[in-house]
Structure formats: C-alpha cells, structure tokens
Amino acid sequence: LKFTAPRYQAITSSELTLLSSRDGGALVRLIAGSLDGHDGPGSTHTPITYAHASVSPGAQLTVPWNPAYSALAYVLSGRGFAGPEARPIEAHELVVFGVGDSLTVSAAPAQPADSPNLEVLVLGGLPIREPIAHHGPFLMNTRQEILDAIDDFQSGRMGAVPRSG
C-alpha cells in the first residue's frame, strides 16, 4: 500500500485506551490495534498493535501478543530488561522479540535521573512478506519501481524540500 495517499489522525490523550499491569506497576496507552481484548483508537491500513508503556522501577509488564504478529519494543527512556531471558535494554535501543504469545519488559530498580520510569513503545503487526528492491534512499518492490522512483525524483514529481534558514 505504499502508493496509498497519506493521512493524518489527531489522537488526543483523552482518546487513548488506558490499561495497567495486574500489579499497577505499568501504565499502557493503547494507540492502535488490539491488546488483551481492548482496542486502540487509531485506524491503520494493515493489522498492527502500537502502544506506549510506562513501567515503574522494579515493575514488570507482560502483555498477551498475537503470535502471527512481529513484535518490537523501542526504549524511549530509562533502562530495564526484555523477554524471559531478561536481556538488558536502555534508551534508544530496539528489541526484536521472537515468536510467542506474550511480550515481557521490566524496569530496572534504579532509573536514570532524567527518566523516573522505563518508557517503551511496543509495536508489531502482520509481516508484509513483500519482495524488496533498494537503491540509494529508495526502497521499493521491484527494479522497475526503483527506476520509476528515481525518474520521479529527478523530474521533481516528489515535491520540494523547503530551504532552511
């Protein structure tokens, strides 16, 4: 669906689906998709789940996960552990989970001064499994699509980048 017209959704904090861990140590803001029988307000072109979790120091969050989906967690801030192996994670790292029916992240007992909690984006979806062709900054499905994209770029059909300054 790469040629689908872009669209914007304004989703305010009051529209998010709020969930918590059983022990109350984690707050999950469900943005799109489904999680544990709850639906987020976001509308997507393909089936995904997208959430922002705040995990208190020493707390653990385990969420049920659709095993057909890929599964990722991006650490916005803080430090903690991912998966049943409790692999260390920290700010600006991406976790790629293996196949399974749940995801687990936990916050380290001590957090950095600038982040009182472990803040993570939990996301994933049905794998697209399309062929990939790439050249320079272009990523498409076929060599011909790459050539068409280069032609579009060189002909100015991709728009213009405003001058800075």
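Two residues are said here to be in contact when heavy atoms of theirs lie within 4.5 Å. Among contacts in the protein chain between residues at least 6 apart in sequence, 56% join residues at least 24 apart.

This structure is a predicted model, in which local features need pLDDT of at least 70 and side-chain atom pairs count only at pLDDT 80 or more, while totals for chains, interfaces and linings use all residues. Residues are numbered from 1 along each chain as its sequence is written, and side-chain values use heavy atoms, with hydrogens and water left out.

**The chain as a whole**

The protein chain holds 1 helix and 14 strands, where helices (H or I, at least four residues) and strands (E, at least two) are DSSP runs numbered from the N terminus. Taken along the principal axes, its C-alpha atoms fill a box of roughly 55 × 40 × 35 Å. Of the 165 residues in the chain, 34% are buried; buried means under 20% relative accessible area, exposed means over 50%, and partly exposed lies in between, with a 1.4 Å probe and protein chains only. The chain exposes about 10800 Å², and carbon and sulfur atoms supply 55% of this area, as computed by the Shrake-Rupley method with a 1.4 Å probe.

**The nonpolar cores**

In soluble globular proteins, nonpolar side chains tend to be buried together. A nonpolar core is a set of buried Ala, Val, Leu, Ile, Met, Phe, Trp, Tyr and Cys residues joined through side-chain atoms within 4.5 Å. The largest such core has 26 residues, of which Leu35, Val55, Leu61 and Phe97 touch the most other members. Among the elements that give two or more residues to this core are strand 5 (48-55), strand 6 (60-64) and strand 12 (118-125). A second, separate core of 5 residues includes Ala133, Phe138, Met140 and Ala149.

Leaving aside neighbours within four places in sequence, Val55 is in contact with residues including Leu61, Val105, Ala107 and Leu118.

Ser106 counts as buried because its relative accessibility is 14%, and Leu103 is buried with a relative accessible area of 5%. With neighbours within four places in sequence left aside, Ser106 is in contact with Ala59, Gln60, Gly80, Phe81 and Leu118, whereas the contacts of Leu103 include Leu61, Val63, Trp65 and Phe97.

**Aromatic pairs and the helix**

A search of the whole structure finds 2 aromatic pairs. Rings of Phe, Tyr and Trp (its six-membered ring) pair if their centres lie within 6.5 Å, and planes under 30 degrees apart count as stacked, over 60 as edge-to-face and the rest as tilted.

| Pair | Centre to centre | Angle between planes | Type |
|---|---|---|---|
| Trp65 and Tyr69 | 6.3 Å | 80° | edge-to-face |
| Phe138 and Phe153 | 6.1 Å | 65° | edge-to-face |

Both Trp65 and Tyr69 are buried. In the other pair, Phe138 is buried at 14% relative accessible area, but Phe153 is exposed at 54%. Because Phe138 lies in strand 14 (residues 138-140) and Phe153 in helix 1 (residues 143-154), this pair ties together parts that are 15 residues apart in sequence.

The 12 residues of helix 1 should span 16 Å at 1.5 Å a residue, which agrees with the 17 Å between its end C-alpha atoms; the expected span is 1.5 Å times one less than the number of residues. Just after helix 1, Gly156 takes a positive phi of about 80°.
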